[in-house]
Amino acid sequence: MSTQLLICDDSALVRKQVAKALPTDWPVQVHFAENGRQALQLLSQQPIDLILLDLNMPEIDGYQVLEKLQEVGHPASVFVISADIQTGAIQKTQRLGAKDFIQKPLSADRLHQVLYEHKFLESAPVELIQPKALSQRLISQTEIKDALAEMSNLAMGQAAALLSKLLGAFITMPIPKVNVLEVSELTMAIQAAHYDNRVSAICQGFMGKGIAGEALLLFHDASYTDMAKLMGQQLQHANNTRLEVLQDTANVLIGAMLSGIGDQLQVQFSQSHPVVLGQHANIGELLDSNASRWQRTLAIEINYQVQDHNIECDLLLLFGEGSLRNLASNLGYEVTQ
């Protein structure tokens with residue numbers, strides 16, 4: 001009798017990757033869900049033995065799925081597959097009943113080993129024949145957004161884990177937003193989300209192997225007090241300390257993100273000296289005054305929040321439009337028109 005398996009991830013690319021990583025001789029019927037809401041609906045209609053579950057998804061996330069399954073006593077086993085490698089995230093999934101945790105990017109060896117350990121496979125995994133790489137597979141500009149979002153998600157997990165360790169607090173993992181925008185569209189989108197906030201901003205350029213861009217950190221002014229406390233600093237000399245908090249936060253998040261992205265692209269980015277674009281300014285004013293720095297751009301936007309603290313910042317990775325094809329190529333794709 002075949003195992004009824006549900007793969008739940010908001011990324012179509014990841015759902016395909018997970019399905020391809022399953023043992024070829026394993027009798028299994030695979031079902032898919034794009035988010036927690038779809039997963040719970042399917043679970044109410046279809047007997048499921050095993051769920052491979054992402055954590056960060058729109059509408060209903062993986063934590064909420066685990067809570068619901070625990071609440072109703074659903075018998076399905078759950079293996080979490082996530083880029084959020086914070087100790088707090090792993091411990092929380094365990095408390096909510098997950099049987100195991102598999103770190104992204106997914107390793108077929110690791111997946112097979114976990115399936116064997118939890119008795120879904122009868123024999124121990126042997127040496128795996130890896131599937132052929134997706135080198136130069138044609139992909140549209142719309143599809144590449146999914147690949148870039150997953151790339152960002154993996155790098156974001158590393159950055160969040162580092163910041164969590166530094167602060168001793170849990171970082172709420174967001175869902176990256178990936179769009180190709182005119183700078184005016186980018187400004188309007190950020191203003192709409194944070195129209196009344198005052199921020200300080202640091203920008204740092206980076207480049208490597210035909211890929212160039214700037215990392216922009218927008219740090220919300222209301223976050224300074226809590227961030228300073230977590231960093232063990234006192235706001236006695238407010239201006240100097242706030243600048244130190246801003247710079248320290250930028251160093252951690254920008255450095256970790258670029259390192260995580262560079263590892264996936266096999267690119268060693270060189271970084272320029274960070275520049276403070278403005279402090280305690282309205283977001284619209286700050287972006288408008290620096291609009292000449294950017295033209296049409298591929299924007300990856302990540303909103304970080306620290307759980308139980310009034311701390312919020314936005315990290316934007318802004319790639320020149322000419323970098324899009326090189327980004328895709330390094331991920332193993334060729335972008336069509």
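Tutor: Start at Cys8, whose bridge partner in strand S3 is Leu53. Before going on, note that this is a predicted model: local features need pLDDT of at least 70, side-chain atom pairs count only at pLDDT 80 or more, and totals for chains, interfaces and linings use all residues. Residues are numbered from 1 along each chain as its sequence is written, and side-chain values use heavy atoms, leaving out hydrogens and water.

Cys8 belongs to strand S1, residues 3-8. Strands (E, at least two residues) and helices (H or I, at least four) are DSSP runs, numbered from the N terminus. Four bridges join S1 to S3 (residues 50-53), and the two run parallel.

Now look at how covered S1 is. Six of its six residues are buried, where buried means under 20% relative accessible area, exposed over 50%, and partly exposed in between (1.4 Å probe, protein chains only). One side carries Thr3, Leu5 and Ile7, the other Gln4, Leu6 and Cys8, and both faces are covered.

S1 also has a partner in strand S2 (residues 28-33): six bridges join them, again running parallel. Here the bridge partner of Cys8 is Ala33. Between S1 and S2 the chain passes through helix H1 (residues 12-21), and this β-α-β crossover is right-handed. That term means that, with the strands pointing away from the viewer, the path from the first strand over the helix to the second runs clockwise.

Step back to the sheet. Two strands pair if DSSP finds at least two bridges between them. Five strands form an open sheet in the order S2-S1-S3-S4-S5, with parallel pairing. Its edge strands are S2 and S5 (100-103), each pairing on one side only. On average, neighbouring strands are turned by 20° against each other, direction ignored. Axes are lines fitted to C-alpha atoms, for helices over the stretch in contact, and angles run from 0 to 180 degrees between N-to-C directions.

Helices lie around these strands. Helix H5 (residues 108-117) lies across S3, S4 (77-82) and S5, at about 170° to S5. In helix H3 (residues 62-72), the residues Gly62, Tyr63, Val65, Leu66 and Leu69 are buried. Seen down the H3 axis, the buried residues fall within an arc of 160°, so they line one face of the helix. The arc is that of the directions from the helix axis to the C-beta atoms. Turned away from that side of H3 are the exposed residues Glu71 and Val72. The cover over the buried residues of H3 includes helix H2 (36-43), S3, S4 and helix H4 (87-95). Contact here means heavy atoms within 4.5 Å.

Last, the whole chain. It has eleven helices and 15 strands. Of its 337 residues, 51% count as buried. Among contacts between residues at least 6 apart in sequence, 70% join residues at least 24 apart.
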